Amino acid sequence: MYTAGTRKNPPNGGFKVLIRYSGWGCTKGQTGPGDVNIPWDSGYNNGLQGKYRQPGRRCRWAACTPSWRRVAATEGGNSNGPGRFGQQFGRQQHIMAKDKLWGGRFTESTDSAVEAFTSSVNIDRRLYPYDIVGSIAHARMLAHVHVLTDKECETIVSALEAIKVEIDTDQFAWLPELEDVHMNIEARLIDRIGEVGKKLHTGRSRNDQVATDLRLYLRDAIDALSESSTALQQALLDIAEREADTLMPGFTHLQVAQPVTFGHHMMAWCEMLARDGARLRECRQRVNIMPLGAAALAGTSYPIDRAYTASLLGFAAPAENSLDAVADRDFAIEFVSVAALLMTHLSRFCEELVLWVSPAFAFVELGDAFCTGSSIMPQKKNPDVAELIRGKSGRVYGHLVTLLTLMKAQPLAYNRDNQEDKQPVFDTVDTALTSLQVFTRLITSMQLRRENMYQAATRGYATATDLADYLVRKGMAFRSAHEAVGKIVRHGVDTGKDLSQLGLDELRSFCKVINNDVYDVLTIEGSVKARDHVGGTAPNQVRKAIARARKRLSVGDES
C-alpha cells in the first residue's frame with residue numbers, strides 16, 4: 001500500500017514525492033518497508049528512478065508491486081504543502097471497458113476494484129521477452145501465409161523490437177488497466193504504428209499466447225537450472241576426488257553404522273543431482289511443445305502454418321490438440337515437481353552440513369562468508385545459508401500443491417484460474433536457481449576436520465559387520481555369525497573396548513574359528529578397502545565412479 005509523504009523539489013523546477021511503501025516485493029531490490037523517492041516520471045522506471053517532468057505535467061505509473069496507483073496530479077506544487085497532488089494520490093483511474101482491446105461488447109467501465117483484482121501485469125510482465133519473440137514469430141508466420149504483407153510484417157517486427165528496448169531500459173509504462181503483459185505490449189504496438197498493429201492478433205488468442213510464453217520461459221529456466229546443477233556436480237566431484245581416501249563414519253538412523261570415505265559420501269550427493277538433471281532434461285522435452293495456433297480453444301480459420309512458427313521459436317512440434325494446448329498446465333506442474341525433488345536433495349545436503357558443523361560432530365568448517373553470528377552470543381557461527389536452503393524447500397512444495405489445486409477442478413478449455421500459475425512457477429525458478437548457485441559456493445568454502453571424522457568412525461563398533469562377514473568366510477552361517485558378533489559387541493560395551501581393542505582370547509571365547517587374521521578386518525581402513533566393487537566405498541572404486549560421472553557430465557554438456 002502507498003501513502004503520500006512530503007514532496008521534494010528536484011532540479012529544474014520539477015518535483016518528486018516521498019512515498020512510504022509496504023508490501024510484497026518491490027522491484028530494483030526494494031524488499032521491505034521504507035522511504036523511496038518516486039520521480040515525477042515520464043515512464044515506467046520501476047517506480048524508483050526516472051526523468052523529472054515539469055510541474056503541471058501528467059505523471060505515468062509508480063510501478064512498485066503489489067499495489068499500483070496512478071500518480072494522478074494535474075497541478076504542481078512545492079515542499080510547502082501537498083496541493084492537489086496529495087489530495088489525489090492513491091486514486092485509481094481506469095479506462096472504460098469499451099475502450100479496452102476486448103471491450104467491443106461492453107457499455108460500462110470496469111469496476112475499479114475488479115480492475116485491480118484481475119490485473120496480473122505486476123507479475124506476468126516478467127514474460128515480456130517471450131511475449132515479444134512469440135509475437136514476432138507469429139507475425140512472420142502470418143506474412144509467410146500471406147495474411148500480412150511483408151511490409152506490414154516488418155513494420156510490426158520493428159515496432160516490437162523497439163518496445164523490447166523500451167522495456168529493457170525501463171522506459172515502458174506498464175498500465176494495470178490493460179490487465180497483463182500481452183495487452184500492454186499490444187496496446188503500445190498500436191500506439192506506435194496504428195492500424196497495422198491491430199493486425200498482429202489475427203489468428204491467435206491470449207489463451208494460446210500465454211501458454212506459449214510460459215513454455216518459452218520454462219525452457220530457458222530449465223536450461224539455467226541444468227547448468228547450475230552441473231556446476232554443483234562438478235564441484236562435488238572435485239571434492240570427492242580430493243577426499244577419496246578420507247575416512248568418516250557412515251550412518252543409519254543417525255547412528256554410526258559402517259566406515260565410508262568422504263569422497264564416497266560426496267558421490268552420493270552427486271548421484272542425486274544427476275537424477276535431478278535427468279528429470280529436468282525429460283521435463284524440457286514435454287515443455288518444448290508449441291501451443292500457438294490453438295487460438296482460444298478450437299484453432300483458427302486462417303491458413304496458419306504452425307510447423308513454421310514452431311521452427312521459428314525452436315519448439316519440437318506444435319501441440320496436437322487445441323483444447324489441451326490452451327487448457328493444461330501439467331508441464332508447469334511437472335517442472336515444479338522436479339524442482340521440489342531437487343530442493344529435497346539440497347535440503348538433505350544442508351541438513352548434513354548443519355550437523356557436521358555443530359560441535360557435537362565438528363566434521364567440517366564453513367567459510368565465514370557463508371555464516372552469520374548471533375546478536376547476543378559472541379561465540380556463535382551459524383550455518384544460516386544451509387538452514388535457509390533447507391527452509392526454502394517448503395516454499396517449492398507449497399507451489400506444487402498450489403498448482404495441483406489450481407488445475408484439479410478446471411473443465412476444458414481455458415479458465416481464468418490459470419492466471420494464478422505464474423507466481424508459483426516464477427518463485428520456484430528463483431528459489432531453486434539461487435539455492436543451487438549459493439550452495440555451490442558454500443560447498444567450495446568447506447574445510448574438512450579429517451581427524452575428527454576418523455575418530456568418529458572408530459567409535460560405535462562400525463566394523464561389526466566386517467567381523468560377521470569374516471566369520472561367514474570361516475564357514476559359519478550368516479545368522480549364526482550375526483548372533484556371535486552381537487554378543488562380542490555386548491562384551492565390548494560392558495568392558496569399554498572397541499572391537500579392534502579386544503584380545504584374541506576374548507574374541508575366541510565367543511567363537512573358536514577366530515584367528516590372528518581377524519584384526520585385518522577390524523580396522524576402519526580394512527573395512528573400507530574390503531568394499532571393492534561397483535558402488536562400493538573402496539577408494540579405488542570411488543575414483544572410478546568419479547571418472548564415470550565426469551564422462552556423463554561431459555556428454556550431457558555436449559547434448
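Glu179 lies in the loop between α5 (150–168) and α6 (181–193), where helices (H or I, at least four residues) and strands (E, at least two) are DSSP runs numbered from the N terminus. The phi of Glu179 is near 80°, a positive value in a residue other than glycine. The model is predicted, so that local features need pLDDT of at least 70 and side-chain atom pairs count only at pLDDT 80 or more, while totals for chains, interfaces and linings use all residues. Residues are numbered from 1 along each chain as its sequence is written, and side-chain values use heavy atoms, with hydrogens and water left out.

Two packed helices are described by the angle between their axes and the distance between the axes; here the axes are lines fitted to C-alpha atoms, for helices over the stretch in contact, and the angles run from 0 to 180 degrees between N-to-C directions. Helix α4 (residues 128–144) packs with helix α7 (residues 206–242) at an angle of about 120°, the axes being 9 Å apart. That angle makes α4 oblique to α7, given that angles under 35 degrees count as roughly parallel, over 145 as roughly antiparallel, 65 to 115 as roughly perpendicular and the rest as oblique. The crossing of α4 and α7 is right-handed, a crossing being left-handed if the near helix is turned anticlockwise from the far one by less than a right angle, and right-handed if clockwise. On the α4 side the contact (heavy atoms within 4.5 Å) is made by Tyr130, Asp131, Val133 and Ser135, and on the α7 side by Gln209, Asp213, Leu216, Tyr217 and Asp220. By class, this contact of α4 with α7 has four nonpolar, two polar and three charged residues, where Ala, Val, Leu, Ile, Met, Phe, Trp, Tyr, Cys and Pro count as nonpolar, Asp, Glu, Lys and Arg as charged, and the others, Gly among them, as polar.

Residues of α8 including Phe262, Trp269 and Arg279 meet residues of α11 including Glu334, Leu342 and Trp356. By class, the contact of α8 with α11 has 16 nonpolar, two polar and six charged residues.

Aromatic rings also deserve attention. A search of the whole structure finds ten aromatic pairs, where rings of Phe, Tyr and Trp (its six-membered ring) pair if their centres lie within 6.5 Å, and planes under 30 degrees apart count as stacked, over 60 as edge-to-face and the rest as tilted. The rings of Phe262 and Trp356 have centres 5.5 Å apart and planes at 50°, so this pair is tilted. The pair links distant parts of the chain, since Phe262 is in helix α8 and Trp356 in helix α11, 94 residues apart.

Helix α11 also packs with helix α13 (residues 422–444), at an angle of about 30° and with the axes 10 Å apart; α11 and α13 are therefore roughly parallel to each other.
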